[in-house]
Amino acid sequence: MAAERPNIVLVFIDDMGWGDFSCFGNEDATTPNIDRLAAEGIRFEQFYVNSPICSPSRTAISTGQYPQRWRITSYLNHRKANEERGMAQWLDPQAPMLARSLQQAGYATGHFGKWHMGGQRDVNDAPTIQTYGFDESLTNFEGMGPKLLPLTLKPGQEKPGRIWEDAENLGAGFRWMLRSEITGGFVDAAIPFIDQAVANDKPFYINLWPDDVHGPYWPPVESWGDGSKRRLYLSVLESMDQQFGRLFDRIRSDAKLRDNTLILICSDNGPAPGAGEAGPFRGFKTHLYEGGIRSPLIVWGPNFLRKKGYNNTESVFSAVDLAPTLLAFTDTTFPAGIQFDGEPLVATLLGDGGSRAAPLFFRRPPDRDSYYGVDDLPDLAVRAGKWKLLCEYDGSAPELYDMQTDRGESSNVAANHADIVAHLTRSLLAWHKSMPPDNGPILSKQAK
């Protein structure tokens, strides 16, 4: 009976903009394997991740809770840098994990790709990935345990170079391979994991989290083009899509898997300037403007979805909603004593529409008050209904945008809606104060 429970594959791309899939409007590159899933599934245009930077975004999608609860509010770095920003060194293993709940319910669970929730730089005593509910893992230079480390090669270079060599101290089983092929290396691990789960008559949950399309950009030599940042990025994007194809084909070509597997694809945060693009949205990675936190979401599962080739422009929800949603979808018991910040939205995910009821709250990374050309970035943000408010830690300098008429956040209408600003500011500051603090306010004062 266990094998009749639905399989889940969560593809979480690194630093990709909302507008980077060709099915989301990219005219400079093609992503045919992902586009095919979108054509057979549902695209969500108002899906958010819960931080504009990697480690907290990964914490949110894994736990169903705001990453501030676990003191992971920027990318995990060296010990000293984590301490200076008021952050934990790694995700507390007591955090509720989607993978652990599914593992306890009989799922085979595998993590293949970037982790970045503990075990990086000089932090070599973090828990292993298996500690968090995974039967098997293969990661990159930002996680404990077996990993693929990047060799770099550019046109005219005969001998590959190496980057992130210090990551050899983060667990046994490291293997060096060309950076341009590492996504394929993760796929190569995921496919036999699926085969083994099928052989064992077990449902499976897989994280496929490439470190594409994060810089530095090392596409295949033949796709180097003019060597510009934008061209290198696009070549990495296209190569990543090509490498995904074998996994998608494995599932699609097997009738049993095709009818019983749900695939979700999104990005952990917005793009870096000059590389990816956020479509019509303002801002980049590290910003609380839409370009930093709005992500494309594609959901594929022909036997489960109510609609095919549908573009959902209305439903507002986020990565913290996915854990409770997938637990409900798989009929898995919620972890005891845990209150998710996310909401179970199975009907929304499968195509019936609807949005989360509660507002979405955001806090910027503590070390990103000034970044990518903006001298004073908003510290906090909330999305509630059609409204988006951003402000400083104390509620000052409010920016209010009507997301129905101004999704590019170009016209601040705070002066025209004092009551809405007051209400949203109160709820946003109450949320902010309810979360463990980081050192964002201290670092902002030091910078000024």
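Modeller: Angles under 35 degrees count as roughly parallel, over 145 as roughly antiparallel, 65 to 115 as roughly perpendicular and the rest as oblique. Keep in mind that this is a predicted model, where local features need pLDDT of at least 70 and side-chain atom pairs count only at pLDDT 80 or more, while totals for chains, interfaces and linings use all residues. Residues are numbered from 1 along each chain as its sequence is written, and side-chain values use heavy atoms, with hydrogens and water left out.

Colleague: At what angle do the axes of helix 5 and helix 6 cross?

Modeller: Roughly 10°, and the axes come within 8 Å. The axes are lines fitted to C-alpha atoms, for helices over the stretch in contact, with angles running from 0 to 180 degrees between N-to-C directions. Helices (H or I, at least four residues) and strands (E, at least two) are DSSP runs, numbered from the N terminus.

Colleague: Which residues of helix 5 and helix 6 meet?

Modeller: From helix 5, Ile182, Thr183, Gly184, Val187, Asp188, Ala190, Ile191, Ile194 and Asp195; they meet Met240, Gln243, Phe244, Arg246, Leu247, Arg250 and Ile251 of helix 6. That contact (heavy atoms within 4.5 Å) has nine nonpolar, three polar and four charged residues. For the classes, Ala, Val, Leu, Ile, Met, Phe, Trp, Tyr, Cys and Pro count as nonpolar, Asp, Glu, Lys and Arg as charged, and the others, Gly among them, as polar.

Colleague: And how does helix 1 pack with helix 6?

Modeller: At an angle of about 45°, with the axes of helix 1 (residues 32–40) and helix 6 (residues 229–252) 8 Å apart. These two are therefore oblique to each other. Helix 1 makes the contact with Pro32, Asn33, Ile34, Arg36, Leu37 and Glu40, and helix 6 with Asp241, Gln242, Phe244, Gly245, Phe248 and Arg252. Five of the residues in that contact are nonpolar, three polar and four charged.

Colleague: Back to helix 5: which strands does helix 5 lie across?

Modeller: Strand 5 and strand 7, and helix 5 runs at about 155° to strand 5. Those strands belong to an open sheet of three with the order 6-5-7 and mixed pairing. Strand 6 (161–162) and strand 7 are the edges, each pairing on one side only. Two strands pair if DSSP finds at least two bridges between them.

Colleague: How many bridges between strand 5 and strand 7?

Modeller: Five, in the parallel sense, with strand 5 covering residues 147–152. Lysine 147 has phenylalanine 174 in strand 7 as its bridge partner.

Colleague: New topic. Which way do the residues of strand 1 point?

Modeller: Asn7, Val9, Val11 and Ile13 point one way, Ile8, Leu10 and Phe12 the other, and all are buried. Strand 1 (residues 7–13) runs parallel to strand 9 (residues 261–267), joined by seven bridges, with valine 9 opposite isoleucine 263. Strand 1 is also parallel to strand 8 (residues 204–209), over four bridges, and there isoleucine 8 stands opposite tyrosine 205.

Colleague: And why is strand 14 largely enclosed?

Modeller: Because five of the five residues of strand 14 (residues 380–384) are buried. Strand 14 is antiparallel to strand 13 (residues 360–363), with four bridges, and to strand 15 (residues 387–391), with five. Leucine 360 stands opposite arginine 383, while alanine 381 stands opposite leucine 390. Strands 14 and 15 form a hairpin with two residues between them, and glycine 385 in that turn has a positive phi of about 60°.

Key:
Buried means under 20% relative accessible area, exposed over 50%, partly exposed in between (1.4 Å probe, protein chains only).
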